[in-house]
Amino acid sequence: MLTYDRYEGGEAVAVLDAFIATYEEVYAEPPYREELSDVAIFIEHYQVHCQRPGMRLVLARDDEEVVGFAYGYLLTPDTRWWKNLLEVELPAPFARETGNRTWVIIELAVRKAWRRRGIAAGLHTRLLEGLCAERVTLTVRPEPEAAPARSAYAAWGYRRVGTSQPWEGAPYYETMLLELDTLRT
């Protein structure tokens, strides 16, 4: 039986062990091809992310087995999120963050054997449920292997904003945006 559990703020730190094997499995696949050193970096970043305002994690379980997860948090006023875009310069009002304007999805992943069953959509819905933010942003890889994810995001109402590179030497990502006001009307 499929169930979803949501964790807010610091309580998400305690459940890392529940989904780290899912992370390792999903991100070992192309286009990511992550290794153990990448997983260690993810763990460090996740522990920091759990301290961010608005942090929320959702786990999808088939019986007790974690088959997917998603998490994110609010962008702070000093974020570099919009400055990472390469081919577009956004108007200052668009890129202005207040600390509760934009919520960012950092990870949304489902194990291969459970894909195409609506689990990603279920994670997404529960992740955004009750958010007070105006909009949600995320990044997705441009490689062909990520086409199903890009298609899902477009079907859920996201639009492409531009290409980003979060740090020097990082892979390129497509940055997407969903206006929550359009979903509430």
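Q: What percentage of the contacts in the chain with a separation of 6 or more do residues 24 or more positions apart account for?

A: A contact means heavy atoms within 4.5 Å. In this chain, residues 24 or more positions apart account for 69% of the contacts with a separation of 6 or more. The model is predicted: local features need pLDDT of at least 70, side-chain atom pairs count only at pLDDT 80 or more, and totals for chains, interfaces and linings use all residues. Residues are numbered from 1 along each chain as its sequence is written, and side-chain values use heavy atoms, with hydrogens and water left out.

Q: How many helices and strands does the chain have?

A: Helices (H or I, at least four residues) and strands (E, at least two) are DSSP runs, numbered from the N terminus. Here there are six helices and seven strands, in the order β-α-α-β-β-α-β-α-β-α-β-β-α from the N terminus. The radius of gyration, taken over C-alpha atoms, is 16 Å, close to the 16 Å of the globule rule for 185 residues, so the chain is as compact as a globular protein of that length. That rule is 2.2 Å times the number of residues to the power 0.38.

Q: Is Cys50 buried or exposed?

A: Buried means under 20% relative accessible area, exposed over 50%, and partly exposed in between (1.4 Å probe, protein chains only). Cys50 is buried at 2%, whereas Cys132 is exposed at 75%. Of the 185 residues, 45% count as buried.

Q: How many disulfides does a search of the whole structure find?

A: A disulfide is a covalent bond between the sulfur atoms of two cysteines. With a cut-off of sulfur atoms within 2.5 Å, the search finds zero.
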